[in-house]
Amino acid sequence: MNKVLFFAHLRDAVGEEFLKVDAAGKTIRELKEELAAGYNLPKLDTVMTAVNEEFAQDDEVIQDGDEIAFIPPVSGG
């Protein structure tokens with residue numbers, strides 16, 4: 001199992017701070033597509049992803065027990 005963390009507007013859209021999912025063997029891109037469809041999330045192509053607190057690319061394969069975080073771009077002044 002994997003813990004998937006959501007921040008900012010993604011947390012609001014999902015309605016939870018995190019989800020427990022079985023994402024082992026999938027790429028980050030595949031997980032993004034699955035979550036976007038399942039939770040009616042906005043496109044996740046601009047979202048930064050961290051796996052086990054290290055930034056990751058969309059082609060990285062998720063291992064069992066990995067913690068994945070989706071972090072939207074921050075704006076402000």
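Visitor: Where is Asp 66 found?

Guide: Asp 66 sits in the loop between strand 4 and strand 5. Keep in mind that this is a predicted model.

Visitor: Okay. Is Asp 66 buried or exposed?

Guide: Buried, and yet Asp 66 has no salt bridge.

Visitor: What's the nearest side chain of opposite charge, then?

Guide: That would be Lys 20, and it is 12 Å away. A salt bridge here needs the nitrogen within 4 Å of a carboxyl oxygen.

Visitor: So what does the side chain of Asp 66 reach?

Guide: The backbone nitrogen of Gln 63, at 2.8 Å.

Visitor: And which residues does Asp 66 touch, not counting those up to four places away in sequence?

Guide: Asn 2, Lys 3, Val 51 and Asn 52.

Visitor: Switching topic: what's the strand order in the sheet?

Guide: The order is 2-1-5-3-4, in an open sheet of five strands with mixed pairing. From one strand to the next, the twist averages 30°.

Visitor: How many bridges join strand 1 to strand 5?

Guide: Four, linking residues 2-6 with residues 67-71, and the two strands run parallel. Within that pair, Phe 6 stands opposite Phe 70 in strand 5.

Visitor: Which strands does helix 2 lie across?

Guide: Helix 2 (residues 28-38) lies across strand 1, strand 2, strand 3 (48-51) and strand 5. Its direction is at about 65° to strand 5.

Methods
Residues are numbered from 1 along each chain as its sequence is written. This is a predicted model: local features need pLDDT of at least 70, side-chain atom pairs count only at pLDDT 80 or more; totals for chains, interfaces and linings use all residues. Side-chain values use heavy atoms; hydrogens and water are left out. Two strands pair if DSSP finds at least two bridges between them. Axes are lines fitted to C-alpha atoms, for helices over the stretch in contact, and angles run from 0 to 180 degrees between N-to-C directions. Contact means heavy atoms within 4.5 Å. Buried means under 20% relative accessible area, exposed over 50%, partly exposed in between (1.4 Å probe, protein chains only). Lys and Arg count as positive and Asp and Glu as negative; His and the chain ends are not counted. A polar contact is a pair of N or O atoms within 3.5 Å; within protein, one must be able to donate a hydrogen and the other to accept it, and residues adjacent in sequence count only if both atoms are side-chain atoms.
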